[in-house]
Amino acid sequence: MRDETEFWELIDATREAAGGDPEEQADLLVERLVRLDPEAVLDFARHFEARYDRAYTWDLWAAAWILLGGAGDDAFDSFRCWLIGQGREVYEGAVRDPDALAGLLDGFDEELDGDGEGLGYAADEAYERLTGTVAPDLDVPPAPPEPRGTPVDLEDDRALAERLPRLWERFGG
């Protein structure tokens with residue numbers, strides 16, 4: 001799984017097969033990954049980690065806050081995993097312009113959407129099932145200590161509405 005296209009094809013195939021359910025998608029992802037060799041699973045994990053870190057921005061945290069009605073550190077971590085699970089088009093569009101999520105998402109169900117924690121562990125689980133050992137260090141650059149971009153007061157509705165007006169109008173308040 002050296003190439004990004006294969007990564008996204010696997011994400012898309014599992015999301016479609018799971019009917020958009022992130023827990024089911026995570027299970028399907030593990031089942032697909034265990035069919036690969038351990039090095040390919042680690043490649044997948046590197047692709048995932050790079051996208052997870054790339055989504056560590058203040059604007060995406062604000063988007064998660066609006067969509068989830070609040071989002072602490074753990075919820076934002078799970079949201080970034082879920083965002084990757086939505087596929088390349090939604091992920092790339094949201095990273096470029098988090099306010100674009102207002103048009104990229106058909107709907108948003110707080111009970112089902114926004115929590116992709118299991119997706120973040122799929123490669124680790126598959127690697128362990130294949131090898132009987134914990135996945136080694138991925139040797140990827142460390143995550144930034146703080147989100148990138150201009151900080152925003154997540155508890156200030158006006159600031160959120162100004163930062164992400166389309167998303168706020170559709171999902172906020």
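**Close-up A. Arg-15 is part of helix α1, which covers residues 4-17.** Helices here are DSSP runs of H or I with at least four residues, numbered from the N terminus. Welcome to a predicted model, in which local features need pLDDT of at least 70, side-chain atom pairs count only at pLDDT 80 or more, and totals for chains, interfaces and linings use all residues. Residues are numbered from 1 along each chain as its sequence is written, and side-chain values use heavy atoms, with hydrogens and water left out. Is Arg-15 buried or exposed? Arg-15 is buried, because its relative accessible area is 17% (buried means under 20%, exposed over 50% and partly exposed in between, using a 1.4 Å probe and protein chains only). Setting aside neighbours within four places in sequence, Arg-15 touches Gly-20, Gln-25, Gly-85, Gln-86 and Gly-87 (contact means heavy atoms within 4.5 Å).

Close-up B. A pocket is an open set of points on a 1 Å grid over the protein atoms alone, where a 1.4 Å probe fits and protein lies on both sides within 12 Å along at least five of seven lines; lining residues have an atom within 4 Å of a point. The volume is the space filled by probe spheres set on the points, which are joined across faces, edges and corners.

**Close-up C. The largest pocket has a volume of about 280 Å³.** Which residues come closest to its centre? Of the 16 lining residues, they are Glu-49, Tyr-52, Cys-81, Gly-120 and Tyr-121. Helices α3, α5 and α8 (117-131) are the elements that each give two or more residues to this lining. The largest share, six residues, belongs to α8. Sorted by class, the lining of the largest pocket holds nine nonpolar, two polar and five charged residues.

**Close-up D. Phe-44 and Phe-48 share helix α3 (residues 38-54).** The structure has eleven aromatic pairs. One of them joins Phe-44 and Phe-48 in a tilted arrangement, with 6.3 Å from centre to centre and 35° between the planes. Rings of Phe, Tyr and Trp (its six-membered ring) pair if their centres lie within 6.5 Å; planes under 30 degrees apart are stacked, over 60 edge-to-face and the rest tilted. Because they are four residues apart in the helix, Phe-44 and Phe-48 are separated by about one helical turn. Phe-44 is buried at 0% relative accessibility, and Phe-48 is buried at 5%. Arg-51 sits over the face of Phe-7, at 5.3 Å from the ring centre (a charge sits over a ring if NZ of Lys or CZ of Arg is within 6 Å of the ring centre and within 35 degrees of the ring normal).

**Close-up E. Helix α5 (residues 73-85) carries both Phe-79 and Trp-82.** The two are three residues apart, about one turn of the helix, and both are buried. Asp-73 is in helix α5 as well, but Asp-73 is exposed, at 52% relative accessibility. Asp-73 and Trp-61 are twelve residues apart in sequence, and their C-alpha atoms are 9.1 Å apart in space. For another charge over a ring, look at Arg-80, which lies over the face of Phe-76 at 5.0 Å from the ring centre.

**Close-up F. Thr-57 lies in the loop between α3 and α4 (58-68).** Thr-57 is buried, because its relative accessibility is 15%. Beyond its neighbours within four places in sequence, Thr-57 is in contact with Phe-76, Pro-147 and Arg-148.

**Close-up G. Asp-139 belongs to the loop between α8 and α9.** Its phi is near 55°, a positive value in a residue other than glycine. Asp-139 is exposed, with 69% relative accessibility. In helix α9 (residues 157-163) we find Ala-161, which is partly exposed at 22%.

Methods: Nonpolar A, V, L, I, M, F, W, Y, C, P; charged D, E, K, R; others polar.
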